[in-house]
Amino acid sequence: MATSAVIFLFFASTTTLPPTASIQQAYREALKTENQINKLILLSKPHVSNPLAKAYLATGYALEARASWSPATKMSKAQEAYSLLNQAVKAEPNNEEIRFLRLSFSHGTPDFLNMKSYMADDKKIFLQGEIKKHPISDIMWSFINHSNLFSAAEKATIK
């Protein structure tokens, strides 16, 4: 019994967790400056097995799509972002941060891309959480206040 505990501790200690705070900071910077998007991607990519890191990687691709002048690049990056966001949500369906990232992405896409089908579900899960507890709560609040997705009544009840 003691041997299995030692083996478990060894494997648990060698598992690398994503540097979430660094990735979130890179996201914050990438939202402000296009030349920081690659940093977000580089920090997220090695941890793609983690659903939250995967969602941030997807967001990096979404920001690349937004920054691109090429319609083909915009489309391919948006499709890649949407696919990764869907995978992240499937892996952690109740993670409000992942739901927020997909919601904000979907909200910003044109209707003809058909990437808005999960918005109602994402909004519902996102609103169930306590936004003030998230490290990116200021970005979440800004999105809530500047988008047309939330009614005045919803804004008043958001935690």
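Arg-99, Arg-102 and Asp-122 are linked in a network of salt bridges. A salt bridge here is a side-chain nitrogen of Lys or Arg within 4 Å of a carboxyl oxygen of Asp or Glu, and a search of the whole structure turns up eight. Keep in mind that this is a predicted model, where local features need pLDDT of at least 70, side-chain atom pairs count only at pLDDT 80 or more, and totals for chains, interfaces and linings use all residues. Residues are numbered from 1 along each chain as its sequence is written, and side-chain values use heavy atoms, leaving out hydrogens and water.

**Salt bridges**

- The side chains of Asp-122 and Arg-99 meet in a salt bridge at 2.8 Å, N to O.
- Asp-122 lies in helix α7 and Arg-99 in helix α6 (residues 96-107), so this pair ties together parts 23 residues apart in sequence.
- Asp-122 is buried at 0% relative accessibility, and Arg-99 is buried too, at 9% (buried means under 20% relative accessible area, exposed over 50%, partly exposed in between, with a 1.4 Å probe and protein chains only).
- Lys-116 pairs up with Asp-111, their closest N and O atoms being 3.9 Å apart; Lys-116 is partly exposed at 25%, while Asp-111 is exposed at 59%.

**A histidine in a loop**

- His-134 sits in the loop between α7 (119-128) and α8 (137-146), and is buried, with a relative accessible area of 15%.
- Leaving aside neighbours within four places in sequence, His-134 is in contact (heavy atoms within 4.5 Å) with Glu-96, Glu-97 and Met-140.

Terms used: Helix = DSSP H or I, 4+ residues; strand = E, 2+ residues; numbered from the N terminus.
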